[in-house]
Amino acid sequence: MALVRILEEDRTLSDSQAIAEYLKTCGIDYEQWLLGYPVAADAPAEEILSAYSREIGELKARGGYVTADVIDVGPETPGLEAMLAKFNREHWHNEDEVRFVISGHGMFHISPKVGPVVAIEVEVGDLIRVPYGTRHWFNLSADRRIRAIRLFQDIAGWMPHYTDSGAEKNFLPVCFGVTHLAHVVGTEL
């Protein structure tokens, strides 16, 4: 289940209902899905999409999404650092960003129109929808692995529009913990 941190208020939410209610005030949709299908986390993308076809169909109908895929990112992903550099700067999209996490972890930072920046650590079973136009950025967690179903409103996918605000520089990727800090400063802890 997700963890939500509102750093400015020194507040952490871990109850799924409290998380959903708080994120709704920021314009973010959050749901916790049970992984009720006998599909291995490393199953082929087609098998995962087939297993969740009913839920994907419901999401498509609800949000006008036209396609879905599975993103699989890990330490061995070619060009990982360049890929992450596209997403760890504050940006927004012309369409919703929807993720249902199958395995791994990640951190969305949301910069709502009103209120403090919110850090959302997502993990297995978390479904998040960041509406179009919402300023945000994303980092992987310490395991540098995430596998998720993505939904798109445009078959071409979305492109990031960078704000160049530098807001992300004021926040560490919270779920990285001390192992990330050692990597950043080049020392071992």
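This is a predicted model: local features need pLDDT of at least 70, side-chain atom pairs count only at pLDDT 80 or more; totals for chains, interfaces and linings use all residues.
User: Why is Ala 40 called partly exposed?

Analyst: Ala 40 has a relative accessible area of 41%. Buried means under 20% and exposed means over 50%, with partly exposed in between. Ala 40 is therefore partly exposed. The residue is found in the loop between E3 and helix H2 (45-51).

User: Why are strand E3 and strand E4 called edge strands?

Analyst: The open sheet has 5 strands in the order E3-E9-E6-E11-E4. Strand E3 (29-32) and strand E4 (67-73) each pair on one side only.

User: How do you know that the buried residues of H1 line one face of the helix?

Analyst: In helix H1 (residues 16-25), the buried residues are Ile 19, Tyr 22 and Leu 23. Viewed down the axis of H1, they fall within an arc of 95 degrees, so they line one face. The face turned away from this buried side carries the exposed residues Gln 17, Lys 24 and Thr 25.

User: What makes Asp 15 a cap of H1?

Analyst: A side-chain oxygen of Asp 15 lies 3.2 Å from the backbone nitrogen of Gln 17. A polar contact requires N or O atoms within 3.5 Å, and Asp 15 caps the N-terminal end of H1.

Technical notes: Residues are numbered from 1 along each chain as its sequence is written. Side-chain values use heavy atoms; hydrogens and water are left out. Two strands pair if DSSP finds at least two bridges between them. Helices (H or I, at least four residues) and strands (E, at least two) are DSSP runs, numbered from the N terminus. Buried means under 20% relative accessible area, exposed over 50%, partly exposed in between (1.4 Å probe, protein chains only). The arc is that of the directions from the helix axis to the C-beta atoms. A polar contact is a pair of N or O atoms within 3.5 Å; within protein, one must be able to donate a hydrogen and the other to accept it, and residues adjacent in sequence count only if both atoms are side-chain atoms.
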